[in-house]
Amino acid sequence: MSSPETDPGTGTEDGPSEDLPVVAPQLRALRRRAGLTLEAAARAAGLSPAHLSRLETGRRQPSLPMLLALARIYGTTVSELLGETVADRDAVVRAADMEPTRAGGWAYWQAGGAGRGMQALRVHIPYGTQGDIVRVHPGEEWLYVLKGRLRLRLGDSTHLLAPGDSAHFDSLTPHRLAAADHDGTELLFVHTLLQSPTSALCLGPTPGEMP
């Protein structure tokens, strides 16, 4: 078996990411803490080992769905993946402390404390980003639309959610989120954090190859 820290498929066309400079070392450290090889983690996340290695070396920037998938696999939160410091077990998150983070075109704000069994985010999804990624994983998800309209695909059904609408579903149901309006959509999003070797499966286009 090849060394989990080598990436024979990495070329020079991918420059280091400047938007999320702390992600690379955090991804590698948390994978090691979870006791996973590069190949095993990549397989669970639906990525190639070469692509995960690019993320760990800072040559590619992960999308938000990718970060969510890796957080589940490593039994942690997106905040820890990004190296964000939120007071542990703090019951209150102040608006002034909610700095936006961008990944794969999405923007999100941490809306809950660290070290919990679920993660709460406020998310902005621009029109036309990540709409082809279908996700399947253990746990539950709840979302509430704040602005714009959300196109939610659940299994074989498609739902158009307007501001004030919400959805609560078993996330083993294949699902996809996309903004229905050109101005994008903003929503509150809560998901459970479950560690499982099959906790992040993606169908359709490989998320690692999304622009």
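Modeller: Two strands count as paired if DSSP finds at least two bridges between them. Strands (E, at least two residues) and helices (H or I, at least four) are DSSP runs, numbered from the N terminus. The model is predicted: local features need pLDDT of at least 70, side-chain atom pairs count only at pLDDT 80 or more, and totals for chains, interfaces and linings use all residues. Residues are numbered from 1 along each chain as its sequence is written, and side-chain values use heavy atoms, leaving out hydrogens and water.

Biologist: Which residue in strand 3 is the bridge partner of Tyr108?

Modeller: Val123. Strand 2 (residues 106–110) and strand 3 (residues 118–125) run antiparallel, joined by four bridges.

Biologist: In what order do the six strands of the open sheet come?

Modeller: Go 1-2-3-10-5-8, with antiparallel pairing. Strand 1 (101–103) and strand 8 are the edges with a single partner strand each, so one side of each has no neighbour in the sheet.

Biologist: And what holds strand 5 in place in that order, by bridges?

Modeller: Six bridges pair strand 5 with strand 10 (residues 185–192), antiparallel, and Trp142 stands opposite Val190 there. Towards strand 8 (residues 166–170), strand 5 (residues 140–147) has five bridges, also antiparallel; Glu141 has Phe169 as its bridge partner.

Biologist: At what angle do the axes of helix 2 and helix 3 cross?

Modeller: Axes are lines fitted to C-alpha atoms, for helices over the stretch in contact, with angles from 0 to 180 degrees between N-to-C directions. Helix 2 (residues 38–45) and helix 3 (residues 49–56) cross at roughly 105°, their axes coming within 8 Å. That makes helix 2 roughly perpendicular (65 to 115 degrees) to helix 3.

Note on methods: Angles under 35 degrees count as roughly parallel, over 145 as roughly antiparallel, 65 to 115 as roughly perpendicular and the rest as oblique.
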